[in-house]
Amino acid sequence: MTSLFDRIASLFSSKPKLKPAELQAAFRSHYKEFRSLLTANNNALELMAEMEQALSVGKSFGMAFIRGNCTALSVNIYKMIQHLNRLADGRYAGLDQPFRAITRQLEQIIASRPATTEGAAILSMAEVDAGMVDQVGEKMANLGEVRNRVGLRTPDGFVMTAVAVRHFTQVNDLQVEINRRLKGLDLDNLEELYTVSAGIQGLISNAPLPEDLEEAILAHYQQLATDAESELLVALRSSAIGEDSSNVSFAGQYRTQLNVSREFVGQAYKEIVAGKYKSQAIVYRQQRGFRHQDVHMCVGCLRMVDAAISGVLYSRAPDDPRSSFVMIQAAPGLAGNVVDGSAATEQLRVSRTVPYDILDRQFGAGREGGGGASLLRLSAAQAAELAEVGVRLEEHFGAPQDIEWSIDQAGLLYILQSRPLGRPVPGEPPVLIAHSPAADELSDLPAPLFAGGVCVSRGVGCGPVFMVRSSLDLLRFPKGAVLVVETPYPDWASLLDRAAAVISETGQVAAHLATVAREFGVPAIFGMKQALTALENHHLVTVDATAGKVYGGRVEPLLALAPPKPNLMAGSPVYKILREAMEYITPLNLTDPTSPFFRSDSCQTLHDLTRFCHEKAVVEMFNFGERYGFDDKAAKQLVVDAPSQWWVIDLDDGFRQDFDPESRYVDLGHIVSVPMLAIWQGMTAFPWAGPPPVSLRGFGSIIFQSTRNTNLDPAVRSSLVAKNYFLISKNFCNLSVRLGYHFALVEANLGEFLTENYVSFQFKGGAADENRRLLRIRLISDILNEFGFRVEQKADAMTARIEKNTSLFLQERLKILGYLIIHTRQIDMVMGDEGMVAQYQQKIMADLHTLLQTGEGGMT
Amino acid sequence: MTTDLKILLIDDEFDFVETTCKRLMRRGYSARIALTCAEGLTIIESAWPDIVVLDVMLPDRDGMDCLKEIKGKWPTLPVILLTGHASMQTGLYGIDCGASDYCLKPIDLETLVEKIVIAHRESRQQGA
């Protein structure tokens, strides 16, 4: 395989020659194929970057994103292959085979589905255990486990399984219509989201239950009622498959209906099934990568407990998995009062060891006020019983538990639900954001606006205040604002991916909104009494939830302590599918065009294919000259005051019209290639300081002396000197530079459409040992990163790219690259010296800022 | 930017195609709508459009069939496929059948316009 540089050398051998006009025409048609290939290449690389970003930054995406991007990607690469083959008269037909093989793999990955569930439509709670998650959903499977394996008291009842809901959906042919309505739904458009959500829920609630299913439900209901109360009341609880797992908690996302009588069981069932499409559930699934049709809504139907007192029990403190006490939240009546944050509650810390002493007891304010006035208190015996249950369940399930419970009028304890205590990030230690001791030592903090409340989710966030009082406010909530509310209603949860922090006047750590805030890593303070009156909309505040303080303005030292947001998608089914697909997309195996393995049959990924096609297309553009008898004169020596060591080949319209094609030289003034002129400006803006002050004997430094060095005779070709070529047109420039021991390639297209615009940079090699070469590449990477390039590094090779920006913006980037090509050569030699590195970095950044300020376009 | 392009949109999703048409015209392009393949073919027959944007799902005919007929009779007329359901197979098959590009809904107008102008420009080149 011949490399680009070998091709360049062979340009000058003697071949039959075309007339200049013929050559120009033939060249032009080739150039147009080349240009189309570059546009497809640009699209493909951008799509890959978008997919990589989805994996790394935790932006939410669904299957439609994966399917859409894979399709667009393969179409663009297919087009590249076709353009290359037209450019090379079909000599790369061999690319078809690896391309087909890769796309077939991708199709299989995208088509993969979770295994379907089988079994009965209705199961009694007496038959259910944790192994039946795929039939009854996580919540009911756990409850069955508590009842049948742990041996604790749970309400009698039964479960309408995944088979039941699938039957209901199929008979009414609902899924097609649901998918149609969800298609292309913009999650950021809250108004559209609520409309679509309400429409789908209506569709489901109004569909008739299949007769056989309705009969079976009523028959099971009747069995529960054998004890012949006047009227049996049941609670219907959602138990979606996929909810409440140790990785992902859909806490409270779905409906629970209490006190349902016989005549309403069927309707209540459908409404809970419809709850799968509540707006926050749609957002939640999308963010976490669940496909809607893969989530099956099972429903538990449980005998109502006539509760005297109910609450939530954490087997450990939610923010400390090693705490030596359990935490209990209790309120009179039903458990829902605690979870939705509306009731006045008492909070107890109870020792985890016999005799389960109460360590302390606090009263919290609920929406209905009252606070400490509550008369109904948990007795010491009840507290001890709960603590013991908490420890038992934690031991059984092997992780701290979040338990809902009720004690009935007869004093009997019922467990209503047990699930793993929310972990903030799947795969990460279950400890919430560590309270950095540094935060306490920060001395120069301003005085807070106010302090107090309970930290329900640690961390620091900053943004403008936005108070939400109604669903109308909900629609107007701006991204990045601090959510301020009176009561932490579960409905506000759909705002959490947009909120910088949450402040609520009431509520406590068990509220659903608190659970979701912890999962999203959104700092939150509840029970901050004066929040609504003391704050004003749109005022910028910094919320230090960890310390329970709110500051005016932006407090940088505190924000510096804030941890990065967790990636909510990690570990989800859709995330896994994307990650699997990416194995056939982004890894780059073909990095070295001079390697004997740089062949079409070595392409293992779509990235390899783009790289191969691009490299070969550039070679073809040279090759063209070889095949058709490229005139020696096609490569013009650039003249700036005097002949330089740079050569220019015009592909199309890169020279002024009045340029004499017979000339051996081209004056800088004759060049109209926008990208080339930008690079040149960067190359020549500052004189090169010369080789760094280390011994460079034997490194051929002579060729580096200056871009304007006129002493080099172009006729003399030493083995060290490969010529440096600009391939240009008005909008395009491809510059290959081999300066001594390093190789750099800059390519850019600056046209009228953003779709076509890009700047790319490849850099490889150096004379110093590997460690220093890597340090230099890191230095260059850092600088390019700072100017918005996307940088990838593999061993001592680096590629940087930026695309779909305006011509002006990209010209600035080209100036930077021009500067770096000249001024970073040989600094690998001094990379061992940290002081020197810092010094170089400072000088480079200072130069670059001067360079960009003197240019016509301002930096953004 | 060239704004004298005549763009034919063949798509049965009326709301989408109507707003797209209006917005294209507001930018100075000429645009027309066909809700079926047959309707589209009649307009192409009159030699009106410079470029066609074709939905893959049509009420009267399979979009790919429609594409094949257009490219069979008017091989130099560029056709961009636009669809709400991505499929790698139909995407590649579409390119094989001569489509210039394959885009997914939802698409913002800016992107669509660029794709239209670029596809049109590329189709001119091959003839030249």
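Tutor: A term to begin with: a contact means heavy atoms within 4.5 Å. This is a predicted model, in which local features need pLDDT of at least 70 and side-chain atom pairs count only at pLDDT 80 or more, while totals for chains, interfaces and linings use all residues. Residues are numbered from 1 along each chain, chains are lettered from A in the order written, and side-chain values use heavy atoms, without hydrogens and water.

Student: In chain B, what share of contacts between residues at least 6 apart in sequence join residues at least 24 apart?
Tutor: The share is 61%.

Student: And what pattern does chain B follow along the sequence?
Tutor: Chain B reads β-α-β-α-β-α-β-α-β-α, with helices (H or I, at least four residues) and strands (E, at least two) taken as DSSP runs.

Student: Now the interface: how many residues of each chain are in contact?
Tutor: On chain A there are 28, and they touch 25 of chain B.

Student: What area is buried between them?
Tutor: About 2300 Å², counted as the accessible area (1.4 Å probe) that two parts lose on being put together, summed over both. Thr71(A), Val75(A) and Phe753(A) supply 23% of what chain A buries against chain B, more than any other three residues.

Student: How many salt bridges cross it?
Tutor: Three are found, each a side-chain nitrogen of Lys or Arg within 4 Å of a carboxyl oxygen of Asp or Glu. One joins Arg100(A) and Asp96(B) at 3.9 Å, N to O.
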